[in-house]
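User: Please take a close look at one part of this model. I would like the open sheet, the helices on it and the surface beside it, in one connected account.

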Amino acid sequence: MNIETPPADWLSAYDSRVAREIAARDWSATGLGPVKAWPADLRAILSTILACPTPMYLAWGADLISFYNDAYIPILGYRAPNAIGRPFRDLWASIWDDISPLVEGCLRGESQKVVDMRLDLGRAGLPEESYWTFTYSPAIDASGRIAGLLCVTGETTDRVLAERARAEVAQRLELAMSAGNSVGIWDWDVETNRVTVDSRFATMFGVDPQLAAQGAAVEEFLKGIHPEDRAHVQARIAEAVQSVGPFTAEYRLLHDDGTIRWISAQGRCIPGPDGKCARLPGITYDITRLKEAEAQLRVAKEEREFVLDQIGRQRLQSDPQEILRASSEALGKRLGVNRVGFYRLTGPQNICHEASWSDGRLPPLMGMQATYHYGAFADTERRAGRALVFGDSRTDSKGDLAPYADEGVLAGICVPLLTEGTWAAGIYLHQADVRAWTEPEIALAKEIVQQTWLAIERAEALQRLNRRIAEQEAALEQREIVLREEFERREAAERQLRQLQKMEAVGQLTGGIAHDFNNMLAVVISGLNLTQRQLSRGNSDVGQFIEGALEGANRAAALTQRLLAFSRQQPLEPVVIDANALLTGLSDMLARSLGETIVLENRLEPGLWPTKADPNQLENAIINLAVNARDAMPDGGRVMLETTNLDLGQTTSRPLGVEAGAYVRIRVQDTGAGMTPEVLAKAFDPFFTTKPTGRGTGLGLSQVYGFIRQSGGYVAMTSQLGEGTTVDLYLPRSQDHAAEKQGDLAADVPMGRAKDVILVVEDEDRVRAFTVASLRDLGYTVLEAASGPLALDILGQRPDIALLFTDVVMPQMTGPQLVEQARTVRSDLRVVFTSGYTGSSSEADERIKAGGNFLAKPFSFDQLARKIGAALA
């Protein structure tokens with residue numbers, strides 16, 4: 001970044017309070033350094049901000065240092081005196097959880113725009129409801145990198161609140177218009193003073209419906225209006241008649257039984273030939289429920305604002321006694337009671353009054369008092385954690401509250417406060433008069449009591465914490481050396497423990513491998529020994545022995561593949577596949593393998609995305625899971641194979657340990673016995689199995705896990721005892737199309753031609769001998785080399801070599817290195833790689849397997865024939 005030396009007085013060009021604050025501040029201790037050293041790009045952006053009349057804010061540099069203009073100062077509120085130069089997160093810590101996702105997105109280069117976002121800025125130090133429309137744009141430095149963010153903002157609180165008020169008015173109007181059963185119609189003949197109405201109107205106004213239908217004087221109807229509203233209604237009627245205009249009024253009707261109904265009336269004068277009002281027809285609505293709802297809403301809003309105001313005030317206070325005093329006074333005045341106070345238990349039978357507020361009618365309660373002072377009933381209820389609410393202590397609870405009346409308390413609310421289920425304190429509200437408490441009043445009292453108790457506990461905990469910190473600071477200094485030595489000893493012990501755990505894991509692994517390989521090699525050795533003995537006797541009927549030896553060898557090969565899958569180092573041949581087609585192809589075989597007592601279901605999502613994986617390994621994984629499901633259902637059950645397209649976001653993908661993105665999920669679900677949480681926690685551990693000895697190696701699920709992770713996916717398992725198990729395989733979506741599935745080539749073993757010359761490069765003599773013999777048996781002309789350098793010599797002497805079949809991992813020269821040198825002189829040379837273990841070498845990556853030129857060890861005669869035939873085709 002080029003830094004130009006700015007004019008010393010470049011900030012003085014702006015008649016700005018913020019510019020003067022920037023110039024006066026010592027910036028040398030910050031990451032920006034002195035003002036004179038600031039880069040030109042920062043100065044250019046600041047110049048734009050300082051000259052702008054719209055509120056603007058800049059967060060610059062690695063620490064997101066705060067800058068703004070004069071128009072932005074009112075937004076800061078009480079923060080303004082110390083805002084300039086503070087890190088963005090510290091300045092707006094109170095709303096950081098709300099805006100941090102927007103900040104992070106902007107710093108990634110994604111401009112942000114928010115309309116009417118609610119933010120509690122607390123500009124006056126108290127909670128507030130405000131709304132803001134603003135943008136976050138990346139601030140780019142001279143090198144083109146994002147150096148911060150630029151905010152342009154404006155407050156929209158007035159507009160949002162006005163729109164909300166208009167919506168509430170519209171809602172009330174709609175409610176009134178929909179009350180069809182409370183509508184009355186009238187028609188007043190002004191000249192004759194006769195009002196004709198329908199029966200509903202007459203009923204509302206307490207007029208005989210028959211008389212009203214014939215027509216009655218307007219005074220008959222005015223009698224039903226509440227005396228306090230009658231003059232107002234008459235004035236509105238006179239105004240409408242005088243102006244020959246509309247008539248609207250809201251008023252109360254007072255019925256003979258004392259009930260009150262609210263009415264909304266609307267009408268319009270109809271002029272006569274002389275232009276004066278001749279008739280005044282109209283309609284009335286019963287809006288009693290609406291008025292009651294408005295009143296309840298108004299009270300609820302006031303109560304909510306009162307609660308929020310109390311919470312805000314309590315947060316600003318740190319003295320428990322002051323919290324009690326202020327909260328007691330506020331609650332007492334709000335509910336209009338005579339006394340509010342707080343007490344604590346100091347023993348099983350004693351309480352101490354710590355704070356009390358009184359309006360003078362009842363004296364404050366101070367000092368010690370017995371828990372049973374107000375009687376055994378009150379004592380029992382409070383110990384049980386039940387609130388006492390009474391409106392007349394002389395008669396309520398069958399007279400058990402008479403001790404309150406004896407002290408002049410006729411009504412009250414007492415809320416006990418519990419600590420770990422035990423009565424520890426309480427707050428009371430006392431009234432010297434009989435009172436019928438309403439549910440909102442009781443709810444408000446309980447809410448304020450609980451909030452006050454929490455505030456007290458928080459303040460007292462903070463006091464205890466401060467005392468404890470002060471006491472511990474000295475002790476920490478004394479113990480620093482001891483703790484350091486203890487830490488070093490613990491580190492050494494943990495290193496030793498990790499080494500022991502590692503050796504134990506290796507021991508378990510090698511022990512399990514040795515056990516399984518011994519069983520398999522026993523089958524191979526026994527089969528070959530019996531074959532050898534039978535052949536020495538001239539008996540050629542040795543097929544069963546050879547088949548047994550092959551089965552043992554194949555099982556050993558499968559165990560090796562499982563070990564490589566578990567370690568995520570098996571050589572894979574991933575291709576783009578259609579998981580639906582793969583599962584459909586497996587269904588018949590699985591149905592036969594699972595048995596007649598198992599029902600196999602497919603739920604395959606249409607339009608499933610393609611994915612990329614080794615199809616053989618994926619088939620093995622699904623078969624393994626299906627067999628596990630079958631073994632968990634000895635009495636029969638249901639196995640369901642399901643596919644689904646999933647888009648995983650950051651929140652969903654992070655717990656799975658995969659990148660966010662598109663995935664294909666393959667689910668294998670059974671209705672079997674399920675697993676306990678302890679078994680589920682170890683299900684993927686190598687050599688862990690719940691099957692009887694000889695029926696499982698314990699590598700099945702670890703192989704599935706290793707293969708899926710090696711393929712870029714994830715495995716998730718859930719299970720409940722008695723309800724079955726669900727295993728989900730997540731594989732990344734591929735943007736390529738799935739290749740058509742090849743037919744079964746098991747019976748198609750292509751033969752070679754003598755004119756096709758193949759060079760086999762393998763450092764293991766027996767493997768090389770088997771490979772050479774197999775290829776010659778197929779009819780090819782075969783040359784062999786035990787190392788890369790020998791192979792290069794042969795290639796130089798034999799230009800007729802058509803294909804190079806080479807191992808990947810060899811001493812002196814690896815297979816990829818051999819191919820790289822060979823193709824400098826033979827660019828058309830065809831190559832097939834083979835390996836049973838590629839380790840962590842970067843040479844054994846997708847480039848080796850590209851185009852299908854890879855054959856995994858161990859391979860059979862048929863697999864070798866098909867791979868070589870395909871490479872030469």
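Analyst: One cut-off comes first: a residue is buried under 20% relative accessible area, exposed over 50%, and partly exposed in between. The model is predicted.

Start with that cut-off at work. Ile146 has 35% relative accessibility, so Ile146 counts as partly exposed. Ile146 lies in strand S5. Strand S5 covers residues 146-155.

Now the sheet that holds S5. The sheet is open and has five strands. Their order is S2-S1-S5-S4-S3. The pairing is antiparallel. Two strands form the edges: S2, residues 65-68, and S3, residues 112-119. Each of these edge strands pairs on one side only. Neighbouring strands are turned against each other by 25° on average, with direction ignored.

Strand S3 is joined to strand S4, residues 130-140, by six bridges. S3 and S4 run antiparallel.

Helices come next. Helix H5, residues 96-107, packs on the sheet. H5 touches S3, S4 and S5. The direction of H5 makes about 170° with that of S3. Helix H2 spans residues 40-51. H2 lies across S1, S2, S4 and S5. Strand S1 is residues 56-60, and H2 runs at about 165° to S1. S4 and S5 are listed for H2, and S4 and S5 are also listed for H5.

Back to the surface. Ile146 is part of a nonpolar patch there, with Leu107 and Ile140. Together, the three residues have about 220 Å² of accessible area. Residue 107 falls within the range of H5, 96-107. Residue 140 falls within the range of S4, 130-140. Ile146 is in S5.

Two loop residues elsewhere deserve a backbone check. Most residues other than glycine have a negative phi. Val244 has a positive phi, near 50°, and is not a glycine. Val244 sits in the loop between helix H10 (227-243) and strand S8 (246-254). At 26% relative accessibility, Val244 counts as partly exposed. Gln812 also has a positive phi, about 70°, without being a glycine. The loop holding Gln812 runs between strand S27 (801-807) and helix H24 (815-822). Gln812 has 72% relative accessibility, so Gln812 counts as exposed.

Conventions: Residues are numbered from 1 along each chain as its sequence is written. This is a predicted model: local features need pLDDT of at least 70, side-chain atom pairs count only at pLDDT 80 or more; totals for chains, interfaces and linings use all residues. Side-chain values use heavy atoms; hydrogens and water are left out. Two strands pair if DSSP finds at least two bridges between them. Helices (H or I, at least four residues) and strands (E, at least two) are DSSP runs, numbered from the N terminus. Axes are lines fitted to C-alpha atoms, for helices over the stretch in contact, and angles run from 0 to 180 degrees between N-to-C directions. Contact means heavy atoms within 4.5 Å. Patches are made of residues with over 30% relative accessible area and no salt bridge: like charges are joined within 9 Å, nonpolar side chains (Val, Leu, Ile, Met, Phe, Trp, Tyr) within 5 Å. Accessible areas come from the Shrake-Rupley method with a 1.4 Å probe; for residues, only the protein chains shown count as cover. A salt bridge is a side-chain nitrogen of Lys or Arg within 4 Å of a carboxyl oxygen of Asp or Glu. Buried means under 20% relative accessible area, exposed over 50%, partly exposed in between (1.4 Å probe, protein chains only).
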